[in-house]
Structures are given as structure tokens and as C-alpha cells.
Amino acid sequence: MTAVTVSTDLADIVEQHLGDPYDTANPRGFAAVLAAHETGRPRTGDLLPDALTASAHPTPEAWLHALRALYRRSPGLGSTVRTGLHENGPRAAALAVGACVGALDSALRVTVRHLRGRLLYGAPAIDIPQLREVLAGVHADLLLCDVLTTLAVRGEDALPAREGAHELAVLGLVPRVLQGALDRLSVLMGSRFYVREGETGIFQLLLNGAQRELFAPAHGPRPAPGPLPLTELVTAPCAAALLDPELARAAPGRVLTTPARRAPQPSGDVQQRLYADLIRRYEGARTFDLVERRIPDRP
């Protein structure tokens, strides 16, 4: 796994401002965000640090990670400041889609936390091999989406010889991969998916908020991904420099570019690598994307 070296100072400021999402006394934590949403008075401005509204203009990639920090708390927060970067066209579209990787990050973290605490037959549910496969697959999907959107935000085309292929992957494939990953996590959450309180209560808000952001009419229609040269995209030098193509090819979301109906989960050594990396980041309080930012979330 290759970590991306990029300035995340702005994202770190956002994380420090928002604090530990699981702290029930935190006025910017999950409990507070969920309570405000349930009462029909979603809070936005008071949750945003001044750095996001300052006049300085960060690089597109630095802004992407700042948005992901907001989307990790609630996708609705990120939508209020997404226009702070003066970008348009494909790069702006990639920012809108790529920011939702943050929502999947939190949803995956909530799920891991839930499964580690839930006992089945006297052991943590997370010890069940089939559940670990699903978690590893979601991690692979997240990394695949990160590679494609990061390159697009940078203005890099992984396959310039196949005009429009990379853009179609970002606009058509990535939203559906993210949505599919969130749906699979909702199955692992079981009945807790429907409960809008406690540590898992934020999950449904993350899923619904991400779906609205990914498929909002304001972002334009999402083209069907259809047959895409996904293998060529993830093995292109600029993509392979960010993520081992073997891990990218293990992403269940790749099935959306094929006629197949079921998405195979990672298996064997690749599955073990993905799961070990997932738990290492979870326990070390680091994001699941390529930059592995340190975050305030308690394991």
C-alpha cells in the first residue's frame, strides 16, 4: 500500500475543530449532529472552522481532504462549503464525488466498531470470516474510488489514449461503487441500521446523505459506467504509483463494469492484506484512504 504525500493541514484543522465524533459531550460529535437532524434543525455554520471560509485558496487536493473531513461527520456539512474552491468542469465534479469517500470512511468505521462490540456465539461478530471478507471488500472499494478521484482532482488522466474513460469512471462508476459499499455495510449493521440513536445512529444519516450528494440533480446526470477499461485504468503508471493494482482489482465494485450480477469479495492473501490494513488504520485512528490522516476518532 502506498501512502499519498500531500498537505493535509486544512483537513487536520477541520478534524481538530470537529473533535472526537463518539464523545457524547462534544457539541460537534455524531450525537449532536444526529440530534439536530432529528429535530429538523441541521447545524452547519457553527460546525465549520474559520479556516474553511478564509480567503486563502488551498490546492484542489488539499481541499478534497478538507471536504472529506467534513463528510466524515456528515455529508450535509461538506455541501455547504464545496463551492469554496473556484473550480468548475471535471475537476469540480471529481471533488463532489471524491468528498463522499469521507462518508464511506465513517460508515466503515462505525461498522467495524459495531461488529467488534457485538457478540455472536460468545465471540465478537467481527471474527466471522464472511464478515471480514465484506469489510475487506469495502476497504478495497474505498481505495479504488480514492485513486480515481484523486487523479481527477489533480487534473491527471490515467488513460489519455482512451478519451473520456477516466472521467466516465469518476462520474459513472465511483458514485455507484460508493453506494454499493454503503449498502453492503448496512447489511452488516443488521437491525442497528434502523436505530437512530447511540453510537450507530449516525450510520443511516451517513448513507442517506452520501446518496443525496452522489446523485443530486445539481451535479448533473450520472452516466451508466458500462464497459470500462478498469484494468487499464488501475494499472496505468499514475494509478499504480498510488495503489497496488492487485488491491484495486480486488474491489467488488469492479463488477459494475462487467455483465456479472454478483460482486465477488476479496479472498486469499489479498483479502488478508486488505483486512489487516483496515484494522491497523482503525486501531491507529487513521483514515482509510490513501493519505492515512490521523483523526480524533476513538477506536
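The model is predicted, so local features need pLDDT of at least 70 and side-chain atom pairs count only at pLDDT 80 or more, while totals for chains, interfaces and linings use all residues. Residues are numbered from 1 along each chain as its sequence is written, and side-chain values use heavy atoms, with hydrogens and water left out. A search of the whole structure turns up one cavity of 30 Å³ or more, 22 salt bridges and zero disulfides.

**The cavity**

- On a 1 Å grid over the protein atoms alone, a cavity is a set of points where a 1.4 Å probe fits but cannot get out, and its lining residues have an atom within 4 Å of a point.
- Grid points are joined across faces, edges and corners, and the volume is the space filled by probe spheres set on the points.
- The largest cavity holds about 30 Å³ of space.
- Its lining is made of Arg68, Arg72, Val101, Gly102, Asp105, Thr287, Asp289 and Arg293.
- Two elements give two or more residues to this lining, namely helix H3 (60-73) and helix H6 (101-117); helices here are DSSP runs (H or I, at least four residues), numbered from the N terminus.
- H6 gives the most to the lining, with three residues.
- By residue class, the lining has one nonpolar, two polar and five charged members. In this scheme Ala, Val, Leu, Ile, Met, Phe, Trp, Tyr, Cys and Pro count as nonpolar, Asp, Glu, Lys and Arg as charged, and the others, Gly among them, as polar.

**Salt bridges**

- A salt bridge here is a side-chain nitrogen of Lys or Arg within 4 Å of a carboxyl oxygen of Asp or Glu.
- Aspartate 297 pairs with arginine 72 in one of these bridges, with the closest N and O atoms 2.7 Å apart. Aspartate 297 lies in the segment after helix H13 (268-283) and arginine 72 in helix H3, so this bridge ties together parts that are 225 residues apart in sequence.
- Both aspartate 297 and arginine 72 are buried; buried means under 20% relative accessible area, exposed over 50%, and partly exposed in between (1.4 Å probe, protein chains only).
- Arg72 and Asp297 also belong to a network of salt bridges that links them with Glu15, Asp105, Arg109 and Arg293.
- Within helix H13, aspartate 277 and arginine 280 sit three residues apart, about one turn of the helix, and their side chains meet in a salt bridge (2.6 Å, N to O).
- Aspartate 277 counts as buried because its relative accessibility is 7%, whereas arginine 280 is partly exposed, with a relative accessible area of 42%.
- Arginine 280 also meets glutamate 292 in a salt bridge (3.1 Å, N to O).

**Cysteines**

- A disulfide is a pair of cysteine sulfur atoms within 2.5 Å, and the search of the whole structure finds zero of them.
- Cysteine 145 is in no disulfide, and the nearest cysteine sulfur, that of cysteine 100, is 10 Å away.
- With 0% relative accessibility, cysteine 145 counts as buried.
- Cysteine 238 is in no disulfide either, and the nearest cysteine sulfur to it, that of cysteine 145, is 16 Å away.

**Single residues worth a click**

- Serine 74 lies in the loop between H3 and helix H4 (75-79), and its relative accessible area of 10% makes it buried.
- Leaving aside residues up to four places away in sequence, serine 74 touches Val33 and Leu205; contact means heavy atoms within 4.5 Å.
- Alanine 96 has its place in helix H5 (residues 90-99) and is buried, with a relative accessible area of 5%.
- Alanine 96 and leucine 171 are 75 residues apart in sequence, and their C-alpha atoms are 9.7 Å apart in space.
- Glutamine 271 lies in helix H13 and counts as buried at 13% relative accessibility.
- Not counting residues up to four places away in sequence, glutamine 271 touches Arg132, Glu133, Ala136 and Pro266.

How values were computed
1 Å grid on protein atoms, 1.4 Å probe; cavity = no way out; pocket = protein on both sides within 12 Å on 5 of 7 lines; lining within 4 Å.
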